[in-house]
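Please look over the structure below before reading on. Then follow the report section by section.

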Amino acid sequence: MASVSAPAQTAPSPAASLQRGIVKMVLSGCAIIVRGQPRGGPPPERQINLSNVRAGAMARRAAQGQTESKDTPDEPWAFQAREFLRKKLIGREVCFTVEIKTALGREYGMVYLGRDTTGENLADALVIEGLATVRREGIRGNNPDQARLCDLEDQSKASKKGLWSEGGGAHTIRDIKYTIENPRNFVDSLHQKPINAIIEHVRDGSVVRALLLPDYYLVTVMLSGVKCPAFKREADGTESPDPFAAEAKFFTESRLLQRDVQIILESCPNQIILGTILHPNGNITELLLEEGFARCVDWSMAVYTQGAEKLRAAERYAKERKVRIWKDYVAPTANLDQKDRQFVAKVMQVVNADAMVVKLNSGELKTIHLSSIRPPRIEGEEKNKDKDKRFRPLYDIPYMFEAREFLRKKLIGKKVNVTVDYIRAATGPGESTPAFSERTCATVTIGGINIAEALVSKGLATVIRYRQDDDQRSSHYDELLAAEARAIKNGKGLHSKKEVPIHRVADISGETQKAKQFLPFLQRAGRSEAVVEYVFSGSRLKLYMPKETCLITFLLAGIECPRSSRNMPGGVQVAEPFSDEAMQFTKELVLQREVEVEVESMDKAGNFIGWLHIEGLNLSVALVESALSKVHFTAERSAYYKTLVSAEEACRERKEKIWANYEEKPVEEVVHVTEEKERVANYRAVYVTEICDTLHFYTQDVETGAQLENLMETMRAEIAAQPPVEGSYAPRRGDICIATFADGEWRRERVEKVESPARVHVFYIDYGNREVVSSTRLAAMPPAFGTRTLPAQATEHAFAFIQVPQDEDARADVVDCIVRDIQNTQCLMNVEFQGATCPHVTIQFGDTKDDAGLGLVKEGLVMVEVRKEKHLQKIVTEYLNSQESAKSARLNIWRYGDFRADDADEFGYRR
């Protein structure tokens with residue numbers, strides 16, 4: 001292509017050379033701007049005026065700051081002439097000859113559409129349509145071009161086209177609105193609907209001047225969500241471009257200038273109209289980002305209607321390629337391996353409300369901070385209030401406790417997906433800020449839910465604002481901003497106008513007098529709910545008691561755990577072997593978990609001593625079973641002594657951990673002679689999970705409870721990572737599969753009957769309960785978690801020596817009583833004899849060792865079933881004596897005497 005520049009010329013050129021260019025802009029019906037091809041930057045351009053013709057002048061706004069100047073309107077048919085050329089020429093190649101160049105540098109010539117003079121002559125086309133007049137002054141008779149134009153003009157006059165039509169053309173003059181009184185109302189009135197427009201001017205890559213049709217509003221529009229490098233105006237009036245400003249401007253000009261587009265006006269903050277420009281060939285906002293000509297801006301991103309995630313993705317694409325403004329870009333996680341950027345980990349502890357300690361697959365513990373959020377904090381005068389009072393952030397900062405609890409309940413013990421967004425460098429202490437070590441900031445998700453977003457949406461955290469050039473932020477920053485906007489709108493949490501919640505938590509750790517007053521209350525309460533707040537060692541913990549709203553120090557009863565190192569008046573006490581392992585074991589099992597505690601006593605320092613249970617597991621027993629603790633002699637009077645001793649003996653025999661160097665002392669062999677056919681009382685700890693109307697019940701062995709819990713946890717984590725397709729499983733009778741229980745958790749079950757896809761009878765093989773469910777709640781059993789890995793844990797049993805009354809009301813009373821006493825509790829069970837369908841057993845309460853079945857007999861709720869076996873006669877006699885006592889006292893079924901003496905069947909009982 002020939003250059004669009006030409007040598008200066010002040011007189012007609014006898015042989016004007018043919019030149020080519022691309023039309024950038026149509027100034028009026030007789031003037032255009034053409035440009036060359038870009039080479040290493042924006043191309044040169046020049047204005048060409050059409051020779052021998054004149055079109056009407058376009059409207060012009062009054063000069064700013066000059067009070068005497070006025071707006072100049074369109075001349076008749078001026079806009080139509082400009083539009084005629086604009087629609088023909090913009091972006092297309094033309095060829096032209098420069099015939100005259102004035103002293104001021106203005107060039108006049110002939111312009112043809114296309115690459116040579118065989119194309120359409122623009123001057124001829126304008127005159128034919130009556131959109132331009134011929135300059136007849138100075139006509140030379142020997143100039144065929146001028147003669148032809150005069151003939152064409154005469155034909156147009158005869159046809160009464162354009163300027164020559166009747167009426168003078170007043171209807172062709174536009175009523176241009178250069179200013180809008182209330183831009184916000186104007187934008188709101190359009191309801192974000194696309195409106196037709198022509199881009200009249202490009203100020204920089206992201207700011208344009210647009211003519212809105214059909215009402216001719218001339219407005220400046222800034223692209224929503226992005227900003228391009230700009231041109232800075234210096235003191236002397238000149239403009240200095242930022243790097244890539246000229247290139248960004250040309251990029252937008254070459255695609256939008258004087259094109260027909262649609263604009264969505266999205267918002268109007270501070271009199272600045274924000275919008276998105278839609279062109280048939282694409283969205284200029286996204287294109288600018290993809291090519292590295294623009295960066296995302298947070299303040300206007302929120303109003304972008306076409307999806308903020310698209311803009312972030314386009315910017316990320318440019319960063320990855322390091323193009324233009326991103327040529328020196330270094331990603332925040334560029335120095336991290338892929339395995340360190342994205343990984344799955346188990347949450348071990350929640351630190352306040354924006355950080356957590358997770359355990360990696362390698363066993364390493366790592367602290368993760370949630371990206372771009374700030375936990376609740378005290379500001380202003382509240383900071384200096386109550387300086388003498390011991391400050392506890394978790395309870396004293398409004399909404400800190402709620403935020404921590406939200407994370408604790410959702411995450412503790414669960415596997416989460418971690419995507420590292422950036423590493424915040426360590427900072428030294430400032431005048432008003434403490435020092436911070438290096439922080440790993442990441443987006444944490446569980447089940448597809450962004451935890452930070454959920455926290456912000458509930459008003460339990462706020463979003464950090466950044467400098468525009470600060471790239472260290474969450475990869476889901478826009479979603480966080482949107483969640484915060486919703487929380488503010490709905491008045492959630494920190495944004496609520498209600499009074500802030502106050503947590504008056506009494507810390508009685510080490511307070512001997514307070515502990516003494518509190519001890520009887522905890523002893524009478526039996527099992528109390530608690531949350532483990534801190535683990536000092538394997539057997540020493542700090543607990544939060546929610547019902548009592550207090551903090552206590554709790555020591556595990558019945559065991560002697562290795563002591564950790566600690567500072568003593570005489571120096572540092574060296575840690576005993578396996579003390580760190582015991583502490584880590586306790587942390588992983590109970591830290592920040594909901595537990596149950598049985599308080600038995602307290603020591604002289606005000607620490608409570610007792611038993612701690614988590615999901616049916618006794619922590620003291622668990623430590624002994626793991627060879628991390630020894631049985632203390634004080635356990636002899638407890639209900640757990642036998643279990644503790646048997647666990648200790650097993651570890652001692654295996655010489656595990658603390659027993660590695662144990663040498664057993666030789667003892668004399670003692671032969672125990674027992675009478676033949678003596679009843680064997682071999683009680684073992686079980687957990688009663690379900691009681692049926694027939695008084696049969698299902699139990700789980702306490703010894704295998706931890707295995708079941710670990711299996712369930714692993715299975716649920718795998719299902720959460722790869723959830724089954726709902727409704728894809730077709731159940732059949734006898735299938736072992738999985739189902740979601742009422743609590744939403746997956747459990748193993750067996751299909752007993754299929755009535756229809758909506759009614760499937762299932763039996764939960766680890767708990768003993770039955771349910772009718774829809775097949776959409778069922779899924780195939782993952783092979784790694786079937787009954788080969790761990791057999792069904794629910795075992796059916798019946799009460800020995802008991803005959804259940806046939807009367808429905810009497811039977812219901814028995815079931816209600818036994819459900820209240822033993823369901824969902826740990827008991828001791830002994831198998832007495834084998835029944836037709838299941839073993840018949842006696843059950844003892846875990847704490848009192850009282851026989852539950854004998855208690856039913858004593859209360860007159862059931863009858864005794866006599867057994868003939870000699871070795872059972874002693875216990876049968878005890879049951880019969882208790883029955884006689886109940887009859888004498890006329891209790892419950894015996895209130896009318898011995899009904900069995902009557903042979904009438906209508907009484908509902910038979911001997």
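This report covers the nonpolar cores, a strand barrel and some backbone details.

## About the model

This is a predicted model, in which local features need pLDDT of at least 70, side-chain atom pairs count only at pLDDT 80 or more, and totals for chains, interfaces and linings use all residues. Residues are numbered from 1 along each chain as its sequence is written, and side-chain values use heavy atoms, leaving out hydrogens and water.

## Two nonpolar cores

A nonpolar core is a set of buried Ala, Val, Leu, Ile, Met, Phe, Trp, Tyr and Cys residues joined through side-chain atoms within 4.5 Å. Buried means under 20% relative accessible area, exposed means over 50%, and partly exposed lies in between (1.4 Å probe, protein chains only). In soluble globular proteins, nonpolar side chains tend to be buried together.

The largest nonpolar core holds 49 residues. Those with the most contacts inside it include Met 356, Leu 411 and Leu 455. Helix α12 (residues 400-411) gives the most to this core: six residues. Helices (H or I, at least four residues) and strands (E, at least two) are DSSP runs, numbered from the N terminus. What does Leu 455 touch, not counting residues up to four places away in sequence? Its contacts (heavy atoms within 4.5 Å) include Ala 353, Leu 370, Phe 406 and Leu 460. A second, separate core has 42 residues, among them Leu 519, Ile 552, Cys 561 and Tyr 640.

## A five-stranded barrel

Five strands form a closed barrel, in the order β37-β38-β44-β47-β46, with mixed pairing. Neighbouring strands of this sheet are turned by 60° against each other on average, direction ignored. (Axes are lines fitted to C-alpha atoms, for helices over the stretch in contact, and angles run from 0 to 180 degrees between N-to-C directions.) Two strands pair if DSSP finds at least two bridges between them.

Strand β47 covers residues 839-845. Six of its seven residues are buried, so β47 is largely enclosed by the rest of the structure. Strand β44 (residues 795-799) pairs with β47 in the parallel sense over two bridges. Phe 799 has Val 841 as its bridge partner in β47. Strand β46 (residues 826-834) runs antiparallel to β47, joined by seven bridges. A hairpin of four residues links β46 to β47.

## Backbone details

Leu 213 and Pro 214 are joined by a cis peptide bond, with omega about 5°. Pro 214 sits in the loop between β9 (207-212) and β10 (217-223).

Lys 322 is not a glycine, yet has a positive phi of about 55°. Lys 322 is partly exposed, with a relative accessible area of 45%.
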